[in-house]
Amino acid sequence: MLDSGTFTPQSHPASDSIRPRSIRPIGTYALYGLAVWRDRFVALDTIRGFLLQINPRNDNTIVLNSCHTDQFIDAKGFAIWEETVWFTKDNSVYFCTFEQFEPQLFTTLPYDIDGVGVWESTIYVTSQKLGYVLIYERNTKRKITQFPLPGVGVTNLTVRGEELWLCDRTEETVYCLDRATGELQFSLLTPFENPTAIAFLNGSNTDQSTLYVSYAGEEAYIRDNPNADPNLELTYRDRTFIHPLYFRYYPDERYTLSNGYLIEMTYVEELLPLDEVEIQNLEWRIALPAETHRQKIRSVEAIGLPFTEDVQEGQRVAVFKFNSLKSQERHIFGWKALLEVRGIKYQFNFEAVENAPDLSAEFRDRYLVDDDELAMDTPVIQQAAREAIGTETNILRKMLKIRNYVYDRLSYGIKPHIDSPDVVLERGIGSCGEYVGVLLALARLNGIACRTVGRYKCPSFADRQNVPLEPDYNHVWIEFYIPGYGWLPMESNPDDIVERGPYPTRFFMGLPWYHAEIGKGISFESLRSQGMPLGDLMDISIGDLALNHIRFMILEELPPL
């Protein structure tokens with residue numbers, strides 16, 4: 001918790017008269033620029049070349065450049081200062097007035113320019129290929145200085161007072177930088193993919209402002225085509241909208257929370273034995289959701305059969321008891337949880353952990369051992385552990401180097417079973433669980449305590465509320481431990497999206513809202529009989545006895561913190 005006097009930058013609803021909401025202007029294709037002019041949004045549709053004035057109360061739009069759209073087709077970055085429009089196209093920055101819409105060249109670079117921002121007499125320009133924010137003096141067009149971009153993707157920006165706000169399309173992250181030095185203040189995850197532009201809308205009767213982000217991409221849908229056989233076919237359509245980005249930064253605890261949702265998660269087993277079986281005194285143990293910085297539990301209730309609750313290594317577990325389970329029995333049993341989930345991004349740099357204390361003996365004995373067939377004693381894994389970090393000693397750099405080493409050598413693929421890390425590393429293809437196995441093995445051999453976390457992700461359709469959503473697969477990731485602070489999350493494979501890098505770090509020390517944290521460092525589900533693991537007594541697995549069903553429902557977006 002924060003002390004009452006701690007400064008906590010955060011977004012606020014602009015006013016009661018303009019209630020923050022999703023804005024979906026009709027007839028738009030891809031909004032790649034966003035600014036505020038005269039208490040209205042002005043957005044750039046790069047496909048049509050429209051400059052659209054949008055009423056945030058009702059989505060009504062006016063095309064401002066109705067006779068001058070060609071100049072803005074394929075434009076990307078976009079800003080407004082007073083009565084001047086600034087935009088980027090290819091490798092150049094242009095400006096014009098609302099009266100004439102006759103672009104004048106400001107500057108040209110050797111590489112594509114992605115974003116532009118203006119504050120008084122200073123012009124800020126971003127270029128992914130250069131990897132910098134470039135700062136110019138407006139009147140002389142002289143370059144003043146440059147700052148490195150914090151992410152790896154195409155970046156747009158806006159300026160607010162002494163702050164630079166950047167949104168990175170690949171990282172799905174918004175960064176707040178000091179405008180004078182370029183120093184990162186904090187960052188936060190966006191609730192949707194493909195963020196393209198960013199702007200603050202001030203309230204009409206208050207000095208508070210709401211941060212908005214535009215998004216643009218494609219979505220798959222089933223189309224009714226009477227000329228096809230069958231009539232239904234899979235196709236894609238443009239999807240673009242503007243949505244408020246809520247956040248709260250906790251500097252003392254080094255993390256930022258962003259948009260959250262109230263979700264209902266249901267996990268049940270359908271008892272359906274494949275073979276003749278009779279098991280006495282069976283305990284069927286299913287882990288329950290965890291309480292974390294980003295996940296709060298409102299309620300948990302039993303489904304089908306009652307359970308008692310146990311605590312295993314600090315994790316809550318539902319225990320269903322059967323005096324005698326027989327092949328003919330049929331049950332549906334499990335739990336339903338009501339969860340508040342938010343995006344989280346932890347704010348650590350390499351210098352912050354330089355003097356981290358040594359790992360305690362308890363953690364070394366518990367989290368540096370091979371407790372899950374990690375093949376840590378094999379030559380392949382031991383050599384990989386040495387190669388991954390080289391001479392690095394900083395714990396955060398070590399973890400990032402290990403992640404990138406694994407990403408360089410693995411590609412994502414699903415198999416019907418999990419192989420050991422040595423086999424996976426030599427094969428070069430792995431599922432999320434196999435990525436986790438390799439990451440655990442290499443990290444533990446390098447003295448970094450880590451554990452498995454899972455087990456499911458809610459389908460990330462935040463705008464599909466109050467309808468059942470079923471995930472296609474389970475999912476696991478890891479947490480690694482910083483002595484003196486605590487556990488930090490790291491995704492298994494979703495950041496492995498570029499062949500040989502550079503890899504995004506959106507989920508390095510961060511998790512999006514749609515992850516359900518369950519059973520940290522313990523088995524998600526297990527069977528026990530007569531006080532022993534059932535596998536020690538007979539050759540039978542959970543899959544031989546039951547079929548699981550998982551369902552999510554997004555009930556509503558949570559209000560700002």
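Colleague: Two strands pair if DSSP finds at least two bridges between them. In what order do the four strands of the open sheet run?

Modeller: The order is β31-β30-β29-β33, with antiparallel pairing. Strands (E, at least two residues) and helices (H or I, at least four) are DSSP runs, numbered from the N terminus. This is a predicted model, where local features need pLDDT of at least 70 and side-chain atom pairs count only at pLDDT 80 or more, while totals for chains, interfaces and linings use all residues. Residues are numbered from 1 along each chain as its sequence is written, and side-chain values use heavy atoms, leaving out hydrogens and water.

Colleague: Which strands stand at the edges?

Modeller: β31 and β33 (515-518); each has a single partner strand, so one side of each lacks a neighbour in the sheet.

Colleague: How many bridges pair β30 with β31?

Modeller: Five, in the antiparallel sense. Ile-482 stands opposite Gly-486 in β31.

Colleague: Which strands does α3 touch when it packs on the sheet?

Modeller: β30 and β31, where contact means heavy atoms within 4.5 Å, and the direction of α3 makes about 155° with that of β30. Axes are lines fitted to C-alpha atoms, for helices over the stretch in contact, and angles run from 0 to 180 degrees between N-to-C directions.

Colleague: Other topic. Is Thr-155 buried or exposed?

Modeller: Thr-155 is buried, because its relative accessible area is 3%; buried means under 20%, exposed over 50%, partly exposed in between (1.4 Å probe, protein chains only).

Colleague: Where does Thr-155 lie?

Modeller: In strand β13, residues 155-160. Leaving aside neighbours within four places in sequence, Thr-155 is in contact with residues including Asp-114, Leu-149 and Asp-168.
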